[in-house]
Amino acid sequence: AIDISKLRDLSGYVTLDSGYKNTGATKSAITFLDGEQGILKYRGYPIEELAEKSSFLEIAYLLIYGTLPTQNELDNFQYQISRHTLVHEDMKKFFDGFPSHSHPMGQLCSLVCSLSAFYPESLNVHAGKEEENTTILKLLAKMPTVVSWIYKKGIGHPIIYPQNDLDYVSNFLNMTFGQRTEKYVIDPVVVSAMNKLLILHADHEQNCSTSTVRIVGSSDCNLYASISAGISALWGPLHGGANQAVIEMLEKIKNDGGDVDKWVAKAKDKNDSFRLMGFGHRVYKNFDPRAKIIKKACDDILEKLGINDPVLEIAKKLEEVALSDPYFADRKLYPNVDFYSGIIYRALGFPTEMFTVLFALGRLPGWIAQWKEMRENKEPIGRPRQIYVGEVNQEFVEISKR
Ligand code: ACO
């Protein structure tokens, strides 16, 4: 018989790495990240070039299928997706059921999971490559519809159905900002900004939400439920929820008189739980290359749209003060992808609570690619160990005698 008291000795055999700071959970050929030098590449292509030259759908194809598509492949991909943009009419009942001001992320993870109920062929993950690909196409196609309907629900407007002759991003913008009463004119500046933001969010190797998708998927769980779990993981303010938290923080600083030094001091105070949102990263210890691109895009887009947002000035000042402070320099804390993205989303007309949902829309191809790679590699079920530190030999005492 096993002597249970000896189980404590497992500490000698199990590696304890809280937060998985140094533990590689998988081998992956999707995204390369060098945190010391601030390098990010999808399938070997630098993020800077992809953000400049590609469309989001092209990047989705690259991440999921491994190569940049030819024009024919891209047209076919777009066509296949356009066949699935509608969501089941009965799903509208879900939208009716949510309180009108419920958080969009809570709605999104429930709605994405519920796709498995409306498209149950997704439940058989062993059905075959073709069936798997159809589920992937359906999810890519339905996500913009679901996201835009969440937005419409929030503002109390009627939903707009997909328009399949539009490209992926324009269709999303049309369903979001279009009205039934007049034609929505799609601004190419907005389309280009949206493409760029979505591309920059499309994958980021084994972050919290992606690891969640892989670990949930490793139990042979269907794609919709696995991605829904990833959406939940993304929601937290230490991860994707930071984009909402950044704007709320900048607004607070503005309304408090714009004293940036005071807020930087607060972030350094170890007795204060406040952190500079949009600052710091588990892997980037130099700078986040996505933040660099977004900061520049922020200036360009606001200028092109003729918007003067006072929080942009506060953000820049905050970055300047923090970067010249030894607290942030010593800990290698730099602005991350979330620091400036919200200012662009806001300029495009999105309310703050939608920001993390937009992150999820961008991250979707990455999650799908990682789920698919995990299945192709036949990875075993994810199941970390622990170091047990509780009692081992307790005598049961009847409730009347406790
Ligand atoms: N403001 C103030 N201090 C910070 C910040 C911050 N934003 N981030 C880290 N620190 C400090 C910590 O207090 C700690 O200090 P200590 O060594 O004196 O204890 C040190 O820097 C290291 O921080 P950890 O929390 O140990 O770093 P970790 O890698 O675990 O966390 C994280 C990374 C979660 C991103 C963290 O930097 C953070 O909370 N940032 C703010 C939230 C945010 O912007 N999240 C988005 C990340 S990007 C993304 O997920 C899309």
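Author: Start with aspartate 338. Beyond its neighbours within four places in sequence, aspartate 338 is in contact with Ala242, Asn243, Val246 and Gly278. Keep in mind that this is a predicted model.

Reader: What makes aspartate 338 count as buried?

Author: The cut-off is 20 or more other C-beta atoms within 10 Å. Aspartate 338 has 29, so it is buried. Its place is in helix 16, residues 338-348.

Reader: Why does histidine 281 count as buried?

Author: Histidine 281 has 21 C-beta neighbours inside 10 Å, so it counts as buried. Histidine 281 lies in a loop, between helix 12 (260-268) and helix 13 (289-305). Setting aside residues up to four places away in sequence, histidine 281 touches Asp288 and Asn336.

Reader: Which residues carry the feature "active site"?

Author: UniProt, in an unreviewed entry, places that feature at His281 and Asp338.

Reader: Why can they be said to gather at one spot?

Author: They span 58 residues in sequence, yet no two of their C-alpha atoms are more than 10.6 Å apart, so they gather at one spot.

Reader: What surrounds the ligand?

Author: The shell holds 20 residues, and the closest are Ala242, Arg275, Phe279, Gly280 and Arg282. Ala242 is also one of the contacts of aspartate 338. By type, the shell has eight nonpolar, eight polar and four charged residues.

Reader: How many helices and strands does the chain have?

Author: The chain has 17 helices and three strands.

Reader: Why is the chain called as compact as a globular protein of that length?

Author: Set the value against the rule. The globule rule gives 21 Å for 402 residues, and the radius of gyration is 23 Å, which is close, so the chain is as compact as a globular protein of that length. Along its principal axes, the C-alpha trace spans about 75 × 55 × 50 Å. Buried residues make up 41% of the 402. Of the contacts with a separation of 6 or more, 78% join residues 24 or more positions apart.

Reader: Which residues touch the most other members of the largest nonpolar core?

Author: Leu108 and Ile344 do, in a core of 106 residues. Helix 17 (residues 355-376) gives the most to this core, with 12 residues. Leucine 108 is in contact with Val146, Val147, Ile150, Ile231, Val357 and Ala360, leaving aside its neighbours within four places in sequence.

Conventions
Residues numbered from 1 in each chain as written. Predicted model: local features only at pLDDT ≥ 70, side-chain atom pairs only at ≥ 80, totals over all residues. Near = placed C-beta within 6 Å. Nonpolar A, V, L, I, M, F, W, Y, C, P; charged D, E, K, R; others polar. Helix = DSSP H or I, 4+ residues; strand = E, 2+ residues; numbered from the N terminus. Rg over C-alpha atoms; globule rule 2.2 N^0.38 Å. Buried ≥ 20, exposed ≤ 12 C-beta atoms within 10 Å, placed from the backbone. Contact = placed C-beta atoms within 7 Å. UniProt positions renumbered as here; feature names shortened; annotations may be inferred. Core = buried A, V, L, I, M, F, W, Y, C linked by C-beta atoms within 7 Å.
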